[in-house]
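Subject: Handover of a structure and notes on it

Dear colleague,

Please find the structure below, followed by an account of what was found in it. I would be grateful if you could read the two side by side.

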Amino acid sequence: MATDTRRTPAELHALDLQERVVAGLRGQGYDGAPTALEPMLGGHSGLTYRITLGEQSFVVKAVPPGQRAIGRHDMLRQARIMAALADTDVPVPRICATDETEPGWFAMSLVADRKSTRLNSSHRC
């Protein structure tokens, strides 16, 4: 019996997003072999993933498929706010790459939280 190899819309979205993220990060000078996008659960305003290129790990925030980048799904607004705060005393992650093509996304650095073993995105690249 043949195995059904058709992908779900969510899987197709993740594959397309991964290609775009890797290209965007490489365009910003990051290199190395990429890992697959790994979902990070618990977010409320969009899709959140982890990806690694070489030795550098990133958090990727993306607009869910079928949604527009407005309101709580406006990932690029989140990136603009964090970038505006980068040179202040407010601890925000460094925005490493963005893509305004719908559905939009941005990538920020990821490091281990020094107070625990959980991972967070509150660290600069």
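In these notes, two strands pair if DSSP finds at least two bridges between them. Helices (H or I, at least four residues) and strands (E, at least two) are DSSP runs, numbered from the N terminus. This is a predicted model, in which local features need pLDDT of at least 70 and side-chain atom pairs count only at pLDDT 80 or more, while totals for chains, interfaces and linings use all residues. Residues are numbered from 1 along each chain as its sequence is written, and side-chain values use heavy atoms, with hydrogens and water left out.

The sheet

Five strands make up an open sheet with antiparallel pairing, in the order β1-β2-β3-β5-β4. At its edges are β1 (38-39) and β4 (95-99), each of which pairs on one side only.

Strand β2 (residues 47-53) is joined to β3 (residues 56-62) by seven bridges. Leu47 has Ala62 as its bridge partner in β3, and Arg50 has Val59. Two residues lie between the strands of this hairpin, where Gly54 takes a positive phi near 60 degrees. Five bridges join β3 to β5, again in an antiparallel arrangement, and here Val59 stands opposite Met108.

Strand β3 is mostly covered, with six of its seven residues buried; buried means under 20% relative accessible area, exposed over 50%, and partly exposed in between (1.4 Å probe, protein chains only).

Among the buried residues of α1 are His13, Leu17, Arg20 and Val21, and their cover includes β2, β3, β4 and β5.

Just after α1, Gly29 takes a positive phi of about 100 degrees.

Charged residues

The structure holds one salt bridge, a term that requires a side-chain nitrogen of Lys or Arg within 4 Å of a carboxyl oxygen of Asp or Glu. The side chains of Arg20 and Asp99 form it, at 3.0 Å from N to O. Arg20 belongs to helix α1 and Asp99 to strand β4, so the pair ties together parts that are 79 residues apart in sequence. Arg20 counts as buried at 15% relative accessibility, and Asp99 is also buried, at 16%.

Lys61 lies in strand β3 and, leaving aside residues up to four places away in sequence, touches residues including Leu47, Met75, Trp105 and Met108.

A cis peptide bond

Glu102 and Pro103 are joined by a cis peptide bond, with omega about -5 degrees. Pro103 is found in the loop between β4 and β5. Most peptide bonds are trans.

With kind regards

Terms used. Contact means heavy atoms within 4.5 Å.
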